[in-house]
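Hi,

Here is the model I promised to pass on.

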Amino acid sequence: MSGSQPYLETLERSAGRTDATIQWARFLGETFGTTGALNCLRYYEDLGWISSLVREQMTSYLRGLSLGEIHNKRYDEPTTLDYPLESLSGTLFSAHAQSLEYIAKIRGDDLEEHVMIARMAERRVERQIDEEETTDEPNEMVSIIREEPST
């Protein structure tokens with residue numbers, strides 16, 4: 001991770017967030033098993049989704065799960081996601097996308113807002129590309145590349 005802060009730095013103790021944290025720990029345990037869940041937490045830390053403190057706190061939650069809450073399904077079984085991540089349903093990434101939803105909920109963030117902003121930016125870029133392709137004049141970068149070197 002390049003110098004920026006983790007998305008989720010700590011697990012705050014409030015009723016809604018504690019409930020989401022416990023649900024996330026159960027999800028990780030059921031989906032990946034104990035070892036897999038611990039590996040996922042390290043992966044999420046490497047991605048910058050969580051801090052090392054959150055990884056340590058979640059490890060404590062995972063240790064508190066009963067055997068019945070550990071590894072009831074396989075991580076590669078299709079997961080059905082709701083909006084805004086529904087496009088990832090059934091993919092191998094869907095379980096991690098579900099984790100991201102839990103992380104956003106614990107943080108008190110609106111993941112839907114972030115996805116909408118990203119989709120709007122993507123559409124804006126597509127429109128700009130389409131507009132550049134329809135004009136006969138080359139864009140500035142193409143002009144710079146095509147210029148003959150001064151002699």
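Predicted model: local features only at pLDDT ≥ 70, side-chain atom pairs only at ≥ 80, totals over all residues.

Let me start with a helix pair: helix 1 and helix 3 (residues 94–107) pack at an angle of about 140 degrees, with their axes 10 Å apart. That angle makes helix 1 oblique to helix 3, because angles under 35 degrees count as roughly parallel, over 145 as roughly antiparallel, 65 to 115 as roughly perpendicular and the rest as oblique. (Axes here are lines fitted to C-alpha atoms, for helices over the stretch in contact, and angles run from 0 to 180 degrees between N-to-C directions.) The crossing is left-handed, meaning the near helix is turned anticlockwise from the far one by less than a right angle; clockwise would be right-handed.

Residues are numbered from 1 along each chain as its sequence is written, and side-chain values use heavy atoms, with hydrogens and water left out.

Overall, the protein has five helices and zero strands (DSSP runs numbered from the N terminus: helices are H or I, at least four residues; strands are E, at least two). Of its 151 residues, 32% count as buried, i.e. under 20% relative accessible area, with exposed being over 50% and partly exposed in between (1.4 Å probe, protein chains only).

Helix 1 (residues 15–47) is the one to look at. A straight helix of 33 residues would span 48 Å at 1.5 Å a residue, but helix 1 spans only 27 Å between its end C-alpha atoms. (The expected span is 1.5 Å times one less than the number of residues.) There is a kink of about 110 degrees in helix 1, centred on F32; the bend at a residue is the angle between axes fitted to the seven residues ending there and the seven starting there. Just after helix 1, G48 takes a positive phi of about 90 degrees.

Helix 1 also packs on helix 2 (residues 52–63): their axes come within 9 Å and cross at roughly 105 degrees, so the two are roughly perpendicular.

T21 in helix 1 is worth a click. With 1% relative accessibility, T21 counts as buried. Leaving out residues up to four places away in sequence, T21 touches L11, M58, Y61 and I106 (contact means heavy atoms within 4.5 Å).

Cheers
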